[in-house]
Amino acid sequence: MSVKIVDLTLRDGHQSLFATRMRTRDMLPILEIFDNAGIYSFEVWGGATFDVAHRFLNENPWERLREIRKRVKNTQLQMLLRGQNLVGYRHYPDDVVEKFVKKTIENGLDIFRIFDALNDVRNLETAIKSAKKYSANHIQGSICYTISPVHTIEKYVEIANELAELEVDSICVKDMAGLLSPKMAYELVRALKKEVGLPVNVHSHYTSGMASMSLLKAVEAGADMVDTCMSPISMGTSHPPTESVVYALSELGYDTGVDLDILLEVREYFVKIREKYAGYLNPLSTIPDTRVLVYQIPGGMFSNMISQLQEQNALDKLDEVLKEVPKVREDLGYVPLVTPTSQIVGVQAVINVLTGERYKVVTKETKDLVKGMYGRTPAPISEEIKRKVLGDEEPITVRPADLLEPEFEKRKKELEEMGLEVSEEEVLIYCLFPQTGLKFLKGEIKEESFPSTAGEVSGEFEVEIDGKKYKVSVNPV
Ligand code: CO
């Protein structure tokens, strides 16, 4: 029996522990050695890296991909793609999605892991079809794992079957919050293998302390691929250590094809990187946060709610808010708590408690979610909540991106009119991030300096979408 190892150190690893700040120059020197270790695939791109690279590090994200590709010959390269949101925070029109996927393949990417925060498969369709059209090596459709009365094994199998209909090559169980228990991992993987028949990849964050146990049970149930990070960038909000998983699986008779001696050399390198990036590391993200097991609230969301309450001098209301969160989540169709829905639910719960009347005040984001602007919620939203939140407005029933006009050519023309001569890849930086992308293309961004105090840089920052400022988080995804 063989199990493939997917190493996430260069994407999810540093996104989870170093606020996504690892510089390309700190990745390149180890790649040629790492490439010989027998890892199936390196996740090196996507998620928050595209945004953070140009916004804070003055790095061209495309250049990072090309430089990595030059040095990695044996191992596949993969990225995390947020469906119709690509690597940003809103739905982009189909022409931008198609162009982005095409350019990503041209720049050397092999495997697309695609997800949607609501598990609305319509939001994955254009990305999957584009990846097929331009002959990506491998397309992996993801299921965001969460716990709710409507998120049954049958429901996950149903979503996986919808993905299979779009002819994905494998299914990823994506456990962003570390909620996947060993028992569920076993039962879910067994059901997916039996009912869907595609290879299964399990992705579980160490947040609650269960991930190693869950990966092992997943492998026992037939998982084909598991996600890990090199030990110096593992555990905490990151993932189980690559070396330990390889050792444990080999001893149990699973062939991973990975050479532990090479990994130890790679480890030496990342020990130094961890020291270098210590300023980015919040000590709390290195230990398990078992609150998630009780409240089923991801750690990042917990801290957000506490700081919101502190600002309002209402920390004594925390208990009430913690009781309100599951109610709001139920009202909003049991959305998985992952960016951006975790913020939407958290903020609305705080408002409901502080105003003393539920949905007397609603945020624009709550309204958009109820209106269907993010996609279809896992469970339908009741008429009562719809009326309270939307008033007379009617929700949409189409796929949100159906309402968007093409953008690529328009953006390209805007850049030309500004006298900026850029490649199609660079036009995409501007399409995705009109404010910071433009600054970057004009050469107006400076690389931030390394923080001197641990935890000084948080995983949160403000982005501007259509003139309005939003707080986003680069917390584990
Ligand atoms: Co992740």
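Helices and strands are DSSP runs, numbered from the N terminus. On this basis, Met-235 of the predicted model is located in the loop that links strand E8 (225-228) to helix H10 (242-251). Its phi is near 65 degrees, a positive value in a residue other than glycine. Met-235 is partly exposed, its relative accessible area being 34%. Leaving aside residues up to four places away in sequence, Met-235 touches Leu-17, Tyr-206 and Pro-241. Between Met-235 and Val-6 there are 15 Å from C-alpha to C-alpha, and the two are 229 residues apart in sequence.

A positive phi, of about 70 degrees, is also found at Thr-20, which is not a glycine. Thr-20 belongs to the loop between helix H1 (9-17) and helix H2 (28-34). Thr-20 is buried, with a relative accessible area of 1%, whereas Met-235 is partly exposed at 34%.

The domain assignment divides the protein chain into domain 1 (4-280), domain 2 (291-402) and domain 3 (407-441). The centres of domain 2 and domain 3, taken over C-alpha atoms, are separated by 34 Å.

The largest nonpolar core has 116 residues, and the members that touch the most others are Phe-100, Phe-112, Leu-192, Phe-270 and Leu-432. Because residues of both domain 1 (4-280) and domain 3 (407-441) contribute to this core, it lies between these two domains. Another core, of 28 residues, lies apart from it and includes Ile-297, Leu-322, Ile-344 and Tyr-359.

Arg-82 is situated in the loop between strand E3 (76-81) and helix H5 (94-106). Although Arg-82 is buried, it has no salt bridge. The nearest side chain of opposite charge is that of Asp-51, at 6.4 Å; a salt bridge requires a side-chain nitrogen of Lys or Arg within 4 Å of a carboxyl oxygen of Asp or Glu. The side chain of Arg-82 instead reaches a backbone atom, the oxygen of Val-87, at 3.4 Å.

Notes: Residues numbered from 1 in each chain as written. Predicted model: local features only at pLDDT ≥ 70, side-chain atom pairs only at ≥ 80, totals over all residues. Heavy atoms only, no water. Core = buried A, V, L, I, M, F, W, Y, C linked by side-chain atoms within 4.5 Å. Buried < 20%, exposed > 50% of the residue type's maximum accessible area, 1.4 Å probe, protein only. Domains from an automatic or database assignment. Helix = DSSP H or I, 4+ residues; strand = E, 2+ residues; numbered from the N terminus. Lys, Arg positive; Asp, Glu negative; His and termini not counted. Polar contact = N/O pair within 3.5 Å; in protein donor to acceptor, adjacent residues only side chain to side chain. Contact = heavy atoms within 4.5 Å.
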